[in-house]
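Please look over the structure shown below before reading on. The briefing after it goes through the main points by topic.

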Amino acid sequence: MSNEVKNLEKINIENFQNDLITWFKREQRDLPWRKDQDPYKVWVSEIMLQQTRVDTVIPYFNRFIEWFPTIDDLADADEEKILKAWEGLGYYSRVRNLQTAVREVRENYNGVVPDTPEEISKLKGVGPYTAGAILSIAYGMPEPAVDGNVMRVISRVLSIWKDIARPASRKVFEQAVRELISHEDPSAFNQALMELGALVCTPTSPACLLCPVCEHCQAFEEGIQNELPVKTKKTKTRNVQLSAAILVDESGRIVIHKRPSTGLLANLWEFPNVEIEHPIEGERGHLEELFNTSIGIDPDLEKIIGQVEHVFSHLIWNIKVYIGKINSEFEENDQWKLVTIDEIEQYAFPVPYQKMFKMYLESLEK
């Protein structure tokens, strides 16, 4: 037993498992991916739940499974359609990796999600947490599935003072879960830990008096539950000032642009925009010039209709939203298109540009 998880000997592990699993079976939320233990559905839900709240994920999950009910359906799907299915969830590399990985499953494992740690971990986008979640929930294997919720719970239960923001700390928590996990029902055990972190053992003001395992918890016993887990702050986010425009041609079609195939929000669509490095004096004329020199578009900007702020994990976009016209010499290609208001539905846009389009539609009604 490693030194970092020395408090394990203070716990009656069997009682801990029973108290946790009994609570889970009584109190668990009715979530669509819990209706069966299909490895594909468990996998899709776990990828969606990375960086995203459960309430947000539910309608996305239901639609995704409706559009792509099997591994074959997702493997064969057009990328434009999978991005549309993911539109608004963010962190789009998740769904690209998922599609690559299900193609690997079809090619190398006859369409059956592998059930060993070695094989499942080779799949694109499947890290230790996702592998552990699929193996334990779908296949009933006693593998740890350690995410932020689980680290928070375990840090308090065992009074572990390792910084959970450091990747090296994960090993300590995985080792602790290996010691604690139920071999009779690893699926319920891991889901119970996640559920406990989401509903009871929350980041601030944990509801210790409602906790099914508070009598096993070292932090509760010592009254230090609000000091754990240890987590260093992230580096400061960068502010980016953008000006973006909804530009229409003579027949009312709108200019859209496909983002590069790598980097932030890859392959999604957007409205023409430029980054403002320095404040622009005399605003509109200079801005039209900047559009021309930066992205080769010659716009006639009419007015500003609002502002959109969007926070990423590492930067903040502040977007000034303009409407205007485009000259008639605009040429379409793979990256630049002219589309009608109805056709826009077919293209996947990041959230800030969806907000921008909504502003535009509202401005038409005024």
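**A salt bridge to start with**

Lysine 35 and aspartate 30 form a salt bridge, with their closest N and O atoms 3.2 Å apart. A salt bridge here is a side-chain nitrogen of Lys or Arg within 4 Å of a carboxyl oxygen of Asp or Glu. This is a predicted model, in which local features need pLDDT of at least 70, side-chain atom pairs count only at pLDDT 80 or more, and totals for chains, interfaces and linings use all residues. Residues are numbered from 1 along each chain as its sequence is written, and side-chain values use heavy atoms, with hydrogens and water left out.

**Salt bridges**

- Lysine 35 is exposed at a relative accessible area of 60%, and aspartate 30 is exposed at 65%. Buried means under 20% relative accessible area, exposed over 50%, and partly exposed in between (1.4 Å probe, protein chains only).
- Arginine 96 forms a salt bridge with glutamate 79, and the closest N and O atoms are 3.4 Å apart. This pair links distant parts of the chain, since arginine 96 is in helix H6 and glutamate 79 is in helix H5, 17 residues apart.
- Arginine 96 is buried, with a relative accessible area of 15%, whereas glutamate 79 is partly exposed at 27%.
- In the salt bridge of aspartate 249 with arginine 253, the closest N and O atoms are 3.0 Å apart. Aspartate 249 counts as buried at 12% relative accessibility, and arginine 253 counts as partly exposed at 28%.
- Arg29, Arg34 and Glu195 are linked in a network of salt bridges.
- The whole structure has 16 salt bridges.

**Overall build**

- The chain has 14 helices and seven strands. Helices (H or I, at least four residues) and strands (E, at least two) are DSSP runs, numbered from the N terminus.
- Taken along the principal axes, the C-alpha atoms of the chain fill a box of roughly 75 × 50 × 35 Å.
- Of the 366 residues of the chain, 50% count as buried.
- Among contacts (heavy atoms within 4.5 Å) between residues at least 6 apart in sequence, 66% join residues at least 24 apart.

**Helix H2**

- Nine of the 11 residues of helix H2 (residues 39-49) are buried, so this helix is largely enclosed by the rest of the structure.
- The buried residues of H2 include Tyr40, Trp43 and Met48.
- The partners against which the buried residues of H2 pack include helix H3 (54-67), helix H8 (128-137) and helix H11 (186-199).

**Backbone features**

- Most residues other than glycine have a negative phi, and most peptide bonds are trans.
- Asparagine 110 has a positive phi, near 50 degrees. Asparagine 110 sits in the loop between helix H6 (93-108) and helix H7 (117-120), and is exposed, with a relative accessible area of 72%.
- Asparagine 267 also has a positive phi, of about 65 degrees. Asparagine 267 is in the loop between strand S2 (254-258) and strand S3 (269-270), and is buried, with a relative accessible area of 14%.
- Leucine 228 and proline 229 are joined by a cis peptide bond, with omega about 0 degrees. Proline 229 lies in the loop between helix H12 (218-222) and strand S1 (238-248).
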